[in-house]
Amino acid sequence: MTSCLVLVPQGAEYRAVQRRLRHANVAILPLRAGSAAVTTPALITALKVLPAMILVLGVCGGLHPEDRVGEVVVYTTCQDEEGQTYFLDQRLSAKLTPAWRRVRGLTVAAPLSQAQEKQALAARWGVEVVDMEGVPLLEALGGVPVVMVRVISDGGDRDLPDLSQAFDSQGNWRPWPLAIAMLRKPLAAAHLIQGSLKALKVLEKIAPEIVQQLSC
């Protein structure tokens, strides 16, 4: 049995974590983006022998205007857009530094681009951050203790480029739709890039701290 399996969305998030954990005694798997995460072949293979715990790392979006880019958050729950709620392992979460804010997360099927939409979802559900993989993973990982830590890459006060067409059905980036979306809103794209880079630096920094605190 693997003691700790670390799951990270593929691309920049995975590279940031892998740089700091490559010599750690943990298995790190890159996931397809969004709901396609659970179809990642390496994950399906890894789960044939269930690990003792699973750590999900990555970035997320803030839903409130006061959210700070680069802030570390620890999920207590994660729900879908119908209100189905899943609970993260509180025993594991309690091992992490209390300085990191505990939050309720929301998983959406496509990236949110409008600040008004973000704030409306926060008001409706009482959630604080948003991602695209949380609920599908928690559904697939039932029975395994899971802790989820993310870094906020954009706040709830800014519009972002519309990236709803930037992913294919396998969770991979589509370069041309991505480029077009960024060019249509260059200022929003600049904010998105700056926020993402800041969040990735924080994610890279805290990855070994989290593994150490969890005794992975």
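The model is predicted, so local features need pLDDT of at least 70 and side-chain atom pairs count only at pLDDT 80 or more, while totals for chains, interfaces and linings use all residues. Residues are numbered from 1 along each chain as its sequence is written, and side-chain values use heavy atoms, with hydrogens and water left out.

Let us start with two helices. Helices (H or I, at least four residues) and strands (E, at least two) are DSSP runs, numbered from the N terminus. Find helix α6, residues 175-184, and helix α7, residues 186-214. Their axes are 5 Å apart, and the helices pack at an angle of about 110 degrees. Here axes are lines fitted to C-alpha atoms, for helices over the stretch in contact, and angles run from 0 to 180 degrees between N-to-C directions. Angles under 35 degrees count as roughly parallel, over 145 as roughly antiparallel, 65 to 115 as roughly perpendicular and the rest as oblique. The helices α6 and α7 are therefore roughly perpendicular to each other.

Which residues of α6 and α7 meet? From α6 come M182, L183 and R184, and from α7 come P186, A189, L192 and I193. Contact means heavy atoms within 4.5 Å. Sorted by class, this contact of α6 with α7 has six nonpolar, no polar and one charged residues. For these classes, Ala, Val, Leu, Ile, Met, Phe, Trp, Tyr, Cys and Pro count as nonpolar, Asp, Glu, Lys and Arg as charged, and the others, Gly among them, as polar.

With a relative accessible area of 11%, A188 is buried. Buried means under 20% relative accessible area, exposed over 50%, and partly exposed in between (1.4 Å probe, protein chains only). Not counting residues up to four places away in sequence, A188 touches D159, L160 and P161. From A188 to D162 is 26 residues in sequence and 9.7 Å in space, C-alpha to C-alpha.

D162 itself lies in the loop between β8 and α6. Its relative accessibility is 45%, and D162 counts as partly exposed. Leaving aside neighbours within four places in sequence, D162 is in contact with S113 and A181. The C-alpha atoms of D162 and S113 are separated by 5.3 Å, although these residues are 49 residues apart along the chain.

Now for the charged pairs. A salt bridge is a side-chain nitrogen of Lys or Arg within 4 Å of a carboxyl oxygen of Asp or Glu. How many does a search of the whole structure find? It finds eight salt bridges. One of them joins R19 and E204, whose closest N and O atoms are 3.1 Å apart. This pair links distant parts of the chain, with R19 in helix α1 (residues 12-21) and E204 in helix α7, 185 residues apart. R19 is partly exposed, at a relative accessible area of 42%. Beyond its close sequence neighbours, up to four places away, E204 touches A16, R19 and R20.

Next, find R150. Its side chain meets that of D131 in a salt bridge (3.6 Å, N to O). D131 lies in strand β7 (residues 129-131) and R150 in strand β8 (residues 146-154), so the pair ties together parts that are 19 residues apart in sequence. E133 also forms a salt bridge with R150, with the closest N and O atoms 3.3 Å apart. D131 and R150 are both buried, and E133 is buried too.

At 8% relative accessibility, V72 counts as buried. Not counting residues up to four places away in sequence, V72 touches W100, R101, V149, R150, V151, V202 and I206.

Finally, the cysteines. A disulfide is a covalent bond between the sulfur atoms of two cysteines. In this model, a disulfide is counted as a pair of cysteine sulfur atoms within 2.5 Å, and the structure holds zero disulfides.
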